[in-house]
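Hello,

Here is the structure I promised to pass on. Please open it alongside this note.

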Amino acid sequence: MPATDTVHIPLPDDRDYEIRIGAGLLDAPASWQGLPKAAAAVIVSNETVAPLYAQRLRERLLAVYPRVDVVVLPDGEQHKDWASLNLVFDHLLGQALDRKTVLFALGGGVVGDMTGFAAATYMRGVPFVQVPTTLLAQVDSSVGGKTAINHPLGKNMLGAFYQPERVIADLDTLDTLPDRELWAGLAEVIKYGPIADAGFLCWIEDNLDALLARDKAVLGYAVRRSCEIKADVVGQDEKEQGLRAILNFGHTIGHAIESGLGYGEWLHGEAVACGMVLAADLSHRLGLMPADFTARLRTLIERAGLPVVPPRLGAERYLQLMRVDKKAEAGAIRFVLIEALGRAGLHAVPDALIADTLAAHGAA
Ligand SMILES: NC(=O)c1ccc[n+]([C@@H]2O[C@H](COP(=O)([O-])OP(=O)(O)OC[C@H]3O[C@@H](n4cnc5c(N)ncnc54)[C@H](O)[C@@H]3O)[C@@H](O)[C@H]2O)c1
Ligand SMILES: O=C(O)C(=O)C[C@@H](O)[C@H](O)[C@H](O)COP(=O)(O)O
Ligand SMILES: [Zn+2]
């Protein structure tokens, strides 16, 4: 039995669930016991991950479910759309699978967000399980129940809050992850420090080389601490009425970069990393943080192999893209800014200051 860390997500109405983190969990029978019973399970994955892990998962699930199908989606952020989502519905309806069918999201955040959205809407809701296989998905996207697809005009614009039954994060699946994807995942790990835990930020700085070298014990701690922070936030504010917005640090500009470039050119984690540098600078320009915080964050992000200079889309284009951000209110663009190390909040920022900051960082 592999060593497993378990993080609990506290939610009302019997919807609380466990995030299990450890090496070898994919092959551990206990990972798949105690889930909702059904006549069928469906693994949703993509053309990169399915050949690596779908057969192993299918064999384990066949010990629990009489029938286990696999749906393979095209790979990439540009496919996080209606067409891919429909491939899932086409299969579920084509095979007349009933409303107890359990979906298993096997892959990164793209597969996880789409499978969650399919689960939220198929026959008005079927159970699903997250089996994240990227660092980013293990530390962030598999947890907390945000599900979505993109629209050409805005990121994650169509979706639902819908919680999984369980999250199984097998650290061994990270062995096959390309370096660039590992680094992208580190962006969301870094995020948790400034917004919620100054000590964790120091820990990341001290352990970055081990993380980059894929030391499994160190990676395991990064996944666990990230999930603990996210679970704590989601437990207090599941549907982002307030506090949960802090998880969007770096995302106002990050999402604009992703949609502005047409999805897929910059990875989500890369766009968020760069967005955090600019949000740190905005925090400084508004008098909340000293200038050396921006420098500190930029240094860490660069060490993690992540970009710190935004693409040159022009200030007007950025402002246009950010006006559809989900945090914008009454025409005002709002940013998650750092108020003290380990504390963040949502702040309306005047367009002129955003434009100046974008220009100062080479985006205009
Ligand atoms: N719901 C949330 O709370 C939340 C949080 C953060 C990000 N997201 C979303 O997550 C997405 C980004 O997720 P991501 O970074 O995991 O990207 P991704 O899902 O595109 O996966 C990255 C790449 O790695 C490949 N891959 C996945 N697992 C692998 C493995 N073990 N070995 C080899 N290759 C593997 C994938 O096929 C893909 O090519 C974005 O759409 C973002 O909006 C959602
Ligand atoms: O879980 C959350 O809440 C987050 O904001 C986590 C983010 O890392 C993630 O990218 C999320 O999908 C962004 O949410 P959105 O509401 O801005 O689309
Ligand atoms: Zn994110």
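Below is what I found in it.

This is a predicted model: local features need pLDDT of at least 70, side-chain atom pairs count only at pLDDT 80 or more, and totals for chains, interfaces and linings use all residues. Residues are numbered from 1 along each chain as its sequence is written, while chains are lettered from A and ligands numbered from 1 in the order in which they are written.

Domains first. The chain splits into domain 1 (5-176) and domain 2 (179-360); the bounds come from an automatic or database domain assignment. Their centres, taken over C-alpha atoms, are 25 Å apart. Domain 1 puts 30 residues into the contact and domain 2 puts in 31. Contact means C-beta atoms, placed from the backbone, within 7 Å.

On the domain 1 side, β1 (5-9), β2 (17-22), α4 (135-141) and β8 (154-161) each give two or more residues. α4 gives the most, with five. Helices (H or I, at least four residues) and strands (E, at least two) are DSSP runs, numbered from the N terminus.

One residue to look at is Ala231, in helix α7 (residues 216-236). Is Ala231 buried or exposed? Ala231 is buried, because 21 other C-beta atoms lie within 10 Å. The cut-offs, with C-beta atoms placed from the backbone, are 20 or more for buried, 12 or fewer for exposed, and partly exposed in between. Leaving aside neighbours within four places in sequence, Ala231 contacts Val7, His8, Ile9 and Val143. Its C-alpha atom is 9.7 Å from that of Asp140, 91 residues away along the chain.

Best wishes

Conventions. Two residues are in contact if their C-beta atoms, placed from the backbone, lie within 7 Å.
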